[in-house]
Amino acid sequence: MENETIYILAIESSCDDTAAAVLINQKVISNVVATQKIHEQYGGVVPELASRAHQQNIVPVVHQALAKANIDKKQLSAIAFTRGPGLMGSLLVGTSFAKSLALGLSIPLIEVNHMQAHILAHFIEDDDISKMPEFPFLAMTISGGHTQIVLVKDYFDMEILGESLDDAVGEAFDKSAKILGLRYPGGPLIDKYANEGNPLKFKFPKPKVDGLNFSFSGLKTSILYFTQKAVKENPDFVNENLNDICASIQYTIISILMDKLNKAVKQTGIKKIAIGGGVSANSGIRKALKDAEKTKGWSTFIPKFEYCTDNAAMIGIVGHLKYKQGHFSDQNITAQPRYRLSE
Ligand code: KG4
Ligand code: ZN
């Protein structure tokens with residue numbers, strides 16, 4: 001068992017990306033993601049459409065992952081899948097598919113918590129192995145669905161120190177972008193325009209939330225009122241100031257995140273910071289973390305872009321780690337839309 005080569009097929013379908021990956025031990029051999037374009041026109045993910053699209057995508061995506069890896073399904077050691085958290089209709093597609101495939105192949109089934117996977121993505125073996133964080137470290141997961149600061153004591157020993165009480169940070173980006181008339185998902189667009197703008201041009205209030213928790217809904221409202229007022233005075237305000245507005249929004253969001261990280265470091269004495277989730281792609285947070293390495297002596301860990309946004313490789317690495325520990329699931333397992341990290 002110790003030197004066994006472990007082949008994991010991983011499936012992720014928690015939100016609007018249908019993804020499959022093959023891992024041989026801790027290395028990713030293939031990583032396929034079908035992003036559902038259908039939601040763009042609605043300005044956000046429509047759950048009913050997401051589950052239908054997963055249903056259409058799942059077979060070709062899994063085939064592609066196996067073909068790219070040049071692996072026959074008979075070689076697989078186990079199937080790992082996202083059990084939650086996420087949208088029920090979306091999770092059901094991946095869960096049912098994984099259960100059937102594991103049953104058909106008579107191999108173990110491994111359930112994975114999506115938020116744990118965003119954190120454990122740091123243990124995917126890449127060319128640069130020195131980049132793995134050592135326990136204990138702090139993880140900040142920042143995505144369209146979640147905002148958490150987590151104390152990671154071991155692979156499967158994690159404690160949530162703080163989280164958003166309302167909107168996730170990705171939602172703050174996306175909803176602000178929508179107010180500015182940008183298409184969904186607006187996070188990457190705000191990032192793009194922010195690079196050309198002045199972050200100190202406009203001031204938005206930062207929420208006052210105790211401890212390590214976050215709140216982003218007030219920021220969204222203040223951006224809405226600010227924009228409505230300015231457009232009343234000058235209908236071209238957004239067009240004329242887009243770069244500066246985006247830079248100012250991004251600056252505010254990043255300083256909210258960095259304030260809490262600073263607090264978490266002070267509280268725990270831990271200076272190893274790993275981030276994960278789609279918002280980790282943001283150039284502002286990346287720069288702020290790099291700066292903190294120099295000014296505060298932090299060690300920071302940012303996964304490769306394809307392991308930041310929703311993907312199945314991160315589900316696969318959890319599958320691998322659980323396989324080694326013999327953590328398997330039985331066929332009675334069901335999807336769990338509200339799946340806490342510490343469960
Ligand atoms: O992890 P993810 O792919 O899916 C969820 O689990 O939510 O994260 C998607 C979120 C979206 O809100 C998107 O706008 C945001 O990540 N995002 C960004 C950037 N790239 C993706 N936000 C800010 N700057 C970016 N460069
Ligand atoms: Zn995610």
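Reader: How do the residues lining the second largest pocket divide into nonpolar, polar and charged?

Author: This is a predicted model, in which local features need pLDDT of at least 70, side-chain atom pairs count only at pLDDT 80 or more, and totals for chains, interfaces and linings use all residues. Residues are numbered from 1 along each chain as its sequence is written, chains are lettered from A and ligands numbered from 1 in the order in which they are written, and side-chain values use heavy atoms, without hydrogens and water. Ala, Val, Leu, Ile, Met, Phe, Trp, Tyr, Cys and Pro count as nonpolar, Asp, Glu, Lys and Arg as charged, and the others, Gly among them, as polar. On that basis the lining of the second largest pocket has seven nonpolar, seven polar and six charged residues.

Reader: Which residues lie nearest the centre of the second largest pocket?

Author: A pocket is an open set of points on a 1 Å grid over the protein atoms alone, where a 1.4 Å probe fits, with protein on both sides within 12 Å along at least five of seven lines; lining residues have an atom within 4 Å of a point. The second largest pocket is lined by 20 residues, and nearest its centre are P85, G145, H146, R338 and R340.

Reader: What is the volume of the largest pocket?

Author: Grid points are joined across faces, edges and corners, and the volume is the space filled by probe spheres set on them. For the largest pocket that comes to about 1,400 Å³.

Reader: Why does the largest pocket lie between domain 1 and domain 2?

Author: The domain bounds come from an automatic or database domain assignment. The pocket lies between the two because its lining takes residues from both domain 1 (7–124 + 308–325) and domain 2 (137–303).

Reader: Which element gives the largest share of the lining of the largest pocket?

Author: Helices are DSSP runs of H or I with at least four residues, strands are runs of E with at least two, and both are numbered from the N terminus. The largest share of this lining is six residues, and they come from α4.

Reader: Which residue has a polar side-chain atom 2.6 Å from an oxygen atom of ligand 1?

Author: A polar contact is a pair of N or O atoms within 3.5 Å. D310 places a polar side-chain atom 3.1 Å from a ligand 1 oxygen. G170 uses a backbone N or O atom, at 3.3 Å. The residue at 2.6 Å is D174.

Reader: How much of ligand 1 does the protein bury?

Author: Accessible areas come from the Shrake-Rupley method with a 1.4 Å probe. Ligand 1 alone exposes 550 Å², and the share buried by the protein is 89%.

Reader: What is omega for the cis peptide bond that joins G84 and P85?

Author: Most peptide bonds are trans. P85 sits in the loop between β4 (78–84) and α2 (88–105). The bond from G84 to P85 is cis, with omega about -5°.

Technical notes:
A polar contact is a pair of N or O atoms within 3.5 Å; within protein, one must be able to donate a hydrogen and the other to accept it, and residues adjacent in sequence count only if both atoms are side-chain atoms.
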